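Reader: I am new to this structure. Please show me how to read a few of its features.
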Amino acid sequence: MNNFLKNINFPIIGRWFILGTIVGIIAGLGAILFFILLQGTSYFFIDYLTGLRIGETGGEPSLFGHATTEFKRWMLFLIPTIGGLISGFLVYKFAPEAEGHGTDAAIEAIHFKNGYIRWQVPIVKTIASAITIGTGGSGGREGPIAQIGAGFASFLGRKLNITDREKRILTAAGMGAGVGAIFRSPLAGAIFAAEVLYSSSDLEAEVLLPSTITSIIAYSIFCSIFGWDSLFLTPDFRFTNPLELFPYTILGFACALFGYIYVNIFYKTHQTFKNLKISNYMKPVIGGFLTGIIIFLVPQALGGGYSNIEKAMHGELTIGFLFILIFAKIFSTSFTIGSGGSAGIFGPSMVIGASVGGFMGLVLEKIFPAVVSNPGAYALVGMAGFFAGIANTPLSTIIMVSEMTGNYHLLVPAMWVSSLSFLILKNTTIYKSQVRARSDSPIHKGEFFIQILQEIKVGEIMRKDPLVIRADMHFKEILEFIPTTKHNSFPVITENNKLVGVLRFEEIREFVFEEGLEDIVVAGEICDTETPIITPDVTLADAIETIGFKNIELLPVVNNKDEKKLEGIITRRDIITIYNKEMMKQKKLEETLF
């Protein structure tokens, strides 16, 4: 028992439990506040002013009920435009980083800013996103909630003066906590924080434990207020026929196709708005107006649109309408967020994925009626496959969809479709701040540099026939010899190949213009006899450390430190070259595998 207790690092465990609990509490409270703001703005602008009743999911009844005013369809042009005006002013006036979908900003902060997020960002993001979505803009909840959790974690890390590494981990854990709470999916939220940082199948493993703690706390706080039901109430779908993997394969390709279309339309729209020579304040206004045109024609495309997911799974939507809804949601989301509106990307992606799945399920039922028995199941699987492909998060998405729907019987087809979509779309992502793998992230460059160099010995890459200078070479001969080479540092050896030191041209410049030294001074007298030496069995990591510490370019390699017989040399350039070659090999291997 004593040995067991000795092996437990109580300070580290306690530290993460305390920090994770604090961040989880704030993320949970932030999710509650945002949900109330979102419901309130939706009720006022859409329900009360427009007279359009917004459908709820089975797990989320309306907090404010429904107004009985007459539906004024023409207001659908006006309300999103007003929303764009208000949210655009808030974002560009107080926190321009809150523009667009917030998860991407959190990813960028972790990779490139050591987890630094200004304290204003989550506040502005919360208010602006509630207005954007509440006025009919097509956006999701995870963006603002991710920034609330990540932003507070970043603020807490700075106040406690923890290390940069700990700040990054805590920021990522805060992002996962927000996602886990607002979508009632604690396990997926924890894994999402570790998975979403990279576009390959790489993971930020050290984030998993802290994000598990933060996600559990945030989820528990949020659900203690709004109930513990799953977000969606779904039929009891089951996978019982292995032949159905064939139509699910077709669904996987469909998710990849529509995902590719979605990402390209989204970013082309974003670039178009970015190139507009008008005030940034006005861009979300134009985006809101264009969104208004779409939702005037297809009101089901407004806001989060989560009720459409349940309808697709229950078979309440037709083939034609589902096909229209796919593109209505793609364009409304692109106009809303691509113009600078503030909202998340996950929610609309779930709606598009469910629409793709529902559409393909009905089509495949007609083609394979004996195999496809329940097309509504394809809507659920389509959600997972679509987002896994565009976000490069297959593992967390599969779990998240299962937690959101309370259905774990479709894990096999969800895994199958998500894997296909992820592999097909491996070079396409909705999160532009993702990097390919840990080795590409600025926060891990140093780790991979040392890791690679520790695996290679000096003897494997040293130059075995270096240019040398004999210890008895006169100064005049040295001055004649150096210009004939491209080097400026030379090992100095005796006639039996024993190292005396290293002669560096920059160190003998002071003697060049002194008369009378040509035939008096020899190399052994003016070389650096205190230069560090290494042996062939030393790793490149140790070699580069010595080179950096001594600020030199060349290290002599000797057989041992007693005899000091020269066997070769190694330079800073040699080490950098071999590192780059090894990195290229690793990247090619990863590209082949993933």
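Reader: Is the crossing of helix 15 and helix 16 right-handed or left-handed?

Author: Keep in mind that this is a predicted model. The crossing of helix 15 and helix 16 is right-handed.

Reader: How do I describe the packing of helix 15 and helix 16?

Author: Two numbers describe a packed pair of helices: the angle between the axes and the distance between them. Here helix 15 covers residues 376-391, and helix 16 covers residues 394-405. Their axes are 9 Å apart, at an angle of about 150°. Helix 15 is therefore roughly antiparallel to helix 16, because angles over 145 degrees count that way.

Reader: What lies in the loop between helix 15 and helix 16?

Author: Look for N392 in that loop. N392 is not a glycine, yet its phi is positive, about 55°. Is N392 buried or exposed? Its relative accessibility is 0%, so N392 counts as buried.

Reader: Which loop holds R184?

Author: The loop between helix 7 (164-182) and helix 8 (186-195). R184 is not a glycine either, and has a positive phi of about 55°. R184 is buried too, because its relative accessibility is 4% and the cut-off is under 20%.

Reader: Now the surface. Which residues make the nonpolar patch?

Author: L85, I86, F89, F94, L276, I278, Y281, M282 and I286 make a patch of about 730 Å². Helix 3 (residues 75-94) gives the most, with four residues.

Reader: Where is I86, and how accessible is I86?

Author: I86 sits in helix 3. Its relative accessible area is 31%, so I86 is partly exposed.

Technical notes:
Residues numbered from 1 in each chain as written. Predicted model: local features only at pLDDT ≥ 70, side-chain atom pairs only at ≥ 80, totals over all residues. Heavy atoms only, no water. Patch = residues over 30% accessible without salt bridge, like charges linked within 9 Å, V, L, I, M, F, W, Y side chains within 5 Å. Areas by Shrake-Rupley, 256 points an atom, 1.4 Å probe, with all protein chains shown as cover. Salt bridge = Lys/Arg side-chain N within 4 Å of Asp/Glu carboxyl O. Helix = DSSP H or I, 4+ residues; strand = E, 2+ residues; numbered from the N terminus. Buried < 20%, exposed > 50% of the residue type's maximum accessible area, 1.4 Å probe, protein only. Axes fitted to C-alpha atoms, helices over the stretch in contact; angles between N-to-C directions. Parallel < 35°, antiparallel > 145°, perpendicular 65-115°, else oblique. Left-handed = near helix turned anticlockwise from the far one by under 90°.
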